[in-house]
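User: I am new to this structure and would like to go through some of its local details. Please show it before we start.

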Amino acid sequence: MSDNTLPSVSPVLAQPDDAREDDHFHDECGVFGVYEHPDAGALTALGLHALQHRGQEAAGIVSFDGRQFYNERHIGLVGDNFTKQSVIGRLKGSRAIGHTRYSTTGAPVLRNVQPLYAELAGGGFAVAHNGNLTNAQTLQRALQERGSIFQSTSDTETIIHLVAMSAKSAFVDRLIDALSQLEGAYAVVALSEKKLIGARDPLGVRPLVLGDLGGTYVLASETCALDIIGAHYVRDVEPGEVVVITENGLQSMKPFHTTSNHSRFCIFEYVYFARPDSSVNGTNVYSVRKRIGEELARESGVDADIVVPVPDSGTPAAIGYAQEAGLPFELGIIRNHYVGRTFIQPTDSIRHMGVKLKHNANRAMLDGKRVVLVDDSIVRGTTSLKIVQMVREAGAKEVHMRIASPPTRDSCFYGVDTPEKSKLLASRMSIEEMADYIKVDSLAFLSIDGLYRAVGEAGRNGDAPQYCDACFTSDYPTSLTDRSGGAEVRQLNRLVEVS
Ligand code: SF4
């Protein structure tokens, strides 16, 4: 067994933010990895910075210098924790992986922050995971019965235990053995003493791209993380593909036996999660969002004077809508970009003002106008209600809300933070009732076929849907073993961190 030890470094704790108040679905995580570069730690910090939108609760990096692994994990933003040279300097070595986290499984405490690290029989192993396993609790119970001791509440730890328990001998075979037992969505980056490994689940629900930085391989959730370090996009890691990067180059494998050979990439990545300057699954996100707006204008155009986005997430669709409808695009709502995510521990009264901290109506544009307001989605409807009220108070004569996705009627179990189904406005109200609730003159959502057209398909193939769209259609592409098996839905760990 190697003598690798994991030097413990400062657990700097900051206040978790209150991001859940903004009434959006939230992607859980971004991952990044780099193999054989003298600035691997710094490059990983930059990559995570570009992926900050995929998770703002915590971030971590594990590097390897050929002898030891080094670990820095912090609650809070990448920019608050990974900018000092003293921090980057501790991440020694030419290989590193990193993770930025928005927890859906497990509480925001340091022991859940990824990458997770373990000393296994064959040496050190670090892993970071974007996605969510739908059989994690079922697997965990089986592992505990065989003696596994879980430290975190993250379902990613399940992967480590499955690797540790595998009867295979080669490290990559043990990881493949572990991954083949998982259900749900995963885009994984892992670091062993000899290898950087990337893997996507057989349906490719969550994104993972491969880049090249002067002969050095890079893995990242989105291409914007390649851009920031000057790396070139090579290709997407394919659904069900495992890429193994060593000093001998890159080896690709397709080890999973599946009944279906087509992917079910998350279509919501195009609607909201991914950065508009990224390409995910081979397609530029901004272009898709503009086409969504064009589809929306064709499907549910209305007589109006101006098109106004709810910034920032509604902006590209509003541009597309305005161009297609031949209406002026105006910034009728201004977003304050300087609202600190840890601005305040909100009291109820301050929380009520939250939307005005972030958005303000631009009266000069709205007064006396018939306004088409474009947003990406409606989740609980709380923000929409306040935004519409704000636009009306600024003098808008009519407010017509257009939503750049179909109604979100169901929860996501694939690595996206969603409220319970009962809290989703569209699960308990018709579109007319929703229009009354948010007090608009008219409300329309993009059709599911319109969304598929925007991503380049002729429409949704009901027999074999080309994407995961379960939060719109309730058509889940994998088993939901933990739920359908009647498993007690609980945290994966009962320990409460009190300090
Ligand atoms: Fe994406 Fe919705 Fe599927 Fe979740 S359920 S992976 S958010 S499309």
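User: Which residue takes a positive phi in the hairpin of β3 and β4?

Analyst: This is a predicted model, in which local features need pLDDT of at least 70, side-chain atom pairs count only at pLDDT 80 or more, and totals for chains, interfaces and linings use all residues. Residues are numbered from 1 along each chain as its sequence is written, and side-chain values use heavy atoms, with hydrogens and water left out. Strands (E, at least two residues) and helices (H or I, at least four) are DSSP runs numbered from the N terminus, and the hairpin of β3 and β4 has four residues between its strands. The residue with the positive phi, near 95°, is Gly66.

User: Is strand β4 mostly covered or exposed?

Analyst: Buried means under 20% relative accessible area, exposed over 50%, and partly exposed in between, with a 1.4 Å probe and protein chains only. In β4, which spans residues 69–75, six of the seven residues are buried, and the strand is therefore mostly covered.

User: Which strands are the edges of the open sheet of six strands?

Analyst: The order of this open sheet is β6-β7-β8-β9-β13-β14, with antiparallel pairing. An edge strand pairs on one side only, and this holds for β6 (116–120) and β14 (249–253).

User: Which residue of β14 is the bridge partner of Thr246?

Analyst: Strand β13, residues 242–246, is joined to β14 by five bridges, and the two run antiparallel. For Thr246, the bridge partner in β14 is Gly249.

User: What is the omega of the peptide bond from Gln114 to Pro115?

Analyst: Most residues other than glycine have a negative phi, and most peptide bonds are trans. Pro115 is placed in the loop between β5 (95–101) and β6. The bond from Gln114 to Pro115 is cis, and its omega is near 5°.

User: What is the relative accessible area of Lys439?

Analyst: Lys439 lies in the loop between α15 (431–438) and β24 (442–445). Its phi is positive, near 65°, in a residue other than glycine. Lys439 is exposed, because its relative accessible area is 53%.

Notes. Pairing = 2+ DSSP bridges.
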